[in-house]
Amino acid sequence: MEIPSKYEPNRVEGHWYAYWMKHDFFSSKPDEREPYTIVIPPPNVTGVLHMGHMLNNTLQDVLIRRARLLGKNACWVPGMDHASIATEAKVVGKLREEGINKANLSREDFLKHAWDWTNNYGGVILQQLKKLGCSCDWDRTKFTMDDDMSASVIKVFVDLYNKGLIYRGYRMVNWDPEAKTTLSDEEVIYEERQGNLYYLAYAIEDSEEKVIIATTRPETILGDTAICINPNDERYRHLRGKKAIVPICNRVIPIIEDEYVDIEFGTGCLKVTPAHDENDKNLGDKHNLEVVDIFNEDATLNSFGLHYEGKDRFVVRKEISKELEEKGFLVKIEQHLNKVGTSERTKAVIEPRLSDQWFLKMEELAKPALEGVLKTNDIKFYPKKFDNTYRHWMEGIRDWNISRQLWWGQQIPAYYYGDGQDDFVVAETKEEALKMAQAKNPKIQESDLRQDPDVLDTWFSSWLWPMSVFGGILEPDNEEVNYYYPTNDLVTAPDIIFFWVARMIMSGYHYRGKKPFENVYFTGLVRDKQRRKMSKQLGNSPDALKLIEDFGADGVRVGLLLSSSAGNDIMFDETLCQQGANFANKIWNAFRLIKGWEVAEIEQPEASKIGIEWYTSKLNQTLAEIEDHFSKYRISDALMAIYKLVWDDFCSWLLEIVKPVYQQPIDKTTFDAVIQLFEENLKLLHPFMPFLTEEVWQHIAERTPENALIVAKWPEVGHADKSLISNFEFASEVISGVRTIRKEKNIPQKEALELFMLNTEKVSGQMNAIILKLANLSTLETVDSSLDGALTFRVKSNEYFIPMGGAIDVEAEIQKITEELNYTKGFLQSVQKKLSNERFVNNAPEQVVAIERKKAADAEAKIETLEKSLESLR
């Protein structure tokens, strides 16, 4: 194949992805190999690719491609989440644009619209993941609303209900007035907001006296059913047994006593609104108070709101405060900072609301899940700091509100047949429900059954994901779940550790008696250079597909991973993608250089022989580092180790060492070795840069599909000769010293120089052939004493001399060295002054003092060398 002059990612990527798909490289079926399994954190069906997805899925692809190279049966299951709240909002919005109100549709008609929307617009993100190079087993793609997935959810609900773990209760829940559904505690985000504290005067019945109450929500006074005082508060003892009158609505309410009231907070009097505050509800239950709910489901006021009926709660807050002021009830207003609960999905301010809901008891489920992470170490979190986050939530876990007042999702399999509170049965099908209901009342007909209109929380389907994608709920002993479960690695963001990770662990232990995965790798959030979270509102979130178009998928993958470390937020900068693209070009140009050499059956030069031996050791040393990084999920560190190996050691050093003289051939022994080492590099790079590496691999030689890079063999760690590596590092400094002098003195590279050394370090001559070639030396000899009239430099305690010849202006050189010497002496003096200051030495951190001492030592060594250079010139 003809090798293009430059790497063209836009041409290459589509070609190789189609090739991998055609030859079924991503698919997995149970066999005799060790399985390696990842289940994708299913993105919302409404989603499009953003930077968080790019990072998360790049990491998963790195792990899955490496496992494939390691000879494991790599299975990466893709899929999507039906995202009840988000999807229903999209569908309702679309219908509204078409002039259709959801309230005017039957459930069946609405679901038809929802499925149409899902089929037309959903799942875009999975196609976009292909652009990134994700090697998912696309034949296994699952959707949480697939028939078998829904059947798994319903089966689990019925099972947990029959075990007494699911119950129906009238509770205070988090209500999203925009989505018109309940939310679990984990779906509520608390934000600090500046608000007001309103001091209101309530008249005491049959008295001229008034009592002052402080509230942040004056609109809720219309739902007040008591005033509470502390029985130990002497200020209000005279109010015992009396009644107060609620302003505006003039409802007469009792004054009750309870030690719950904090005497020191506010005025020491508390208004009790049982329908709109959880603590007030508890007080109301304890004292048998009336419950007055003033809100509709959209948080407008109902008939209890009197003349404010139909108005939004925040509008009423402004208007009622004016009315209270006009009528003399408003004593004063103070600014007040308080925490406001908002919906994770819609951003609407949450309302506490009383309603009948379904709950899952969590305490029993949490115990094995807590032990699996914190006691037995069955599941490992990376980084480990998230153990504490997990412990805090699991130890204080509350029952999970699993019902949602939506139509899109798995409908709760509870069937009502009468008017009584307990007149319902729970069954997987309506037919089973009818039999169960008839066992209680033989007269019941199918037409008498009414299925609960609510659906289950979306997380109630995704908590089964590692099992349900392999049919492990419907067929607990099937071949696939027995082979692939438990999965190996889960890559996810820490913000869903409670929503998803903890719940999957609970369901895994409960239903299979096993952990769902071995390791959880938590990524950080992707932020911009100013550390701001990326968002559409800030306009700081780049178009993911445009980045791929501009820098190539491999460039973006490298850019993301170079800025990422486990659990830490990453500061994304497009220049990192440019760095990734530059790296791709560096590899491509290295390949073109090698393939451009003429190969001949000639003797191998000594420099090439040593260079190949050195790089082989360096490769093995780096491979051991990479294995260690992968074992600790330091994926970015693994990439950086490979990056330095390829860019610095292979491209900058080895290729220079073996490069033949201009227009001369390279020996076949060296060429074959370089190609073989280049192929090892490509294997290491492939998980990170799949497209570029496959393109180069296929250009190196004609390959059958069985020999494609994607299914090649990951390199094994071999022997690394540490002395060889150390000797080369020393030699590279010698070469750099000569090159620095050439640059400073404008000596052309083609002009061969003589080099003499005082070998204080007792360095062997192992690398002399390489030094001679790369420094372009005619001579490299050891001397017993300094040479006069020579330019010098040091490497550790070794001193090197380059005789000047006639090409150097001695007077100019003396002047230059003198200036540098004076500057260095001045610098040393300033450092010594700092070190002689006892306050500095005693108070500065030890590391800072050590740095200053090193500066002094380096300056002293430089002064010695410069003085010797001056002496030799005079």
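# Charge pairs and overall build of a predicted model

Asp 159 and Lys 163 form a salt bridge, with their closest N and O atoms 2.8 Å apart. The model is predicted. A search of the whole structure finds 51 salt bridges. The protein chain holds 27 helices and 31 strands.

- Glu 34 pairs with Lys 72 in a salt bridge, and the closest N and O atoms lie 3.8 Å apart.
- That pair links distant parts of the chain, 38 residues apart. Glu 34 sits in the loop between helix 1 (9-22) and strand 1 (35-39). Lys 72 sits in the loop between helix 2 (51-69) and strand 2 (73-77).
- Glu 34 is partly exposed, at 48% relative accessible area. Lys 72 is partly exposed too, at 23% relative accessibility.

**A buried pair and its network**

- Glu 219 forms a salt bridge with Arg 217, and their closest N and O atoms are 3.2 Å apart.
- Both Glu 219 and Arg 217 are buried.
- A network of salt bridges links Arg 217, Glu 219, Arg 313, Arg 317 and Glu 351.

**A buried lysine without a salt bridge**

- Lys 130 belongs to helix 5 (residues 124-132).
- Lys 130 is buried but has no salt bridge. The nearest side chain of opposite charge is Asp 139, 8.6 Å away.
- Leaving aside residues up to four places away in sequence, Lys 130 touches Tyr 17, Trp 138 and Phe 691.

**Asp 543**

- Asp 543 lies in the loop between strand 24 (526-527) and helix 16 (544-551).
- Its relative accessibility is 49%, so Asp 543 counts as partly exposed.
- From Asp 543 to Trp 647 the C-alpha to C-alpha distance is 29 Å, and the two are 104 residues apart in sequence.

**The chain as a whole**

- The radius of gyration of the protein chain is 37 Å, while a compact globule of 874 residues would have one near 29 Å.
- The C-alpha trace spans about 115 × 70 × 50 Å along its principal axes.
- Of the 874 residues, 54% are buried.
- Take the contacts between residues at least 6 apart in sequence: 77% join residues at least 24 apart.
- The accessible surface comes to about 40,400 Å², with 47% belonging to carbon and sulfur atoms.
- The chain has 107 positive and 137 negative charges, and their mean positions are 1 Å apart.

Technical notes. Residues are numbered from 1 along each chain as its sequence is written. This is a predicted model: local features need pLDDT of at least 70, side-chain atom pairs count only at pLDDT 80 or more; totals for chains, interfaces and linings use all residues. Side-chain values use heavy atoms; hydrogens and water are left out. Helices (H or I, at least four residues) and strands (E, at least two) are DSSP runs, numbered from the N terminus. The radius of gyration is taken over C-alpha atoms; the globule rule is 2.2 Å times the number of residues to the power 0.38. Buried means under 20% relative accessible area, exposed over 50%, partly exposed in between (1.4 Å probe, protein chains only). Contact means heavy atoms within 4.5 Å. Accessible areas come from the Shrake-Rupley method with a 1.4 Å probe; for residues, only the protein chains shown count as cover. Lys and Arg count as positive and Asp and Glu as negative; His and the chain ends are not counted. The place of a charge is taken as NZ of Lys, CZ of Arg, CG of Asp or CD of Glu. A salt bridge is a side-chain nitrogen of Lys or Arg within 4 Å of a carboxyl oxygen of Asp or Glu.
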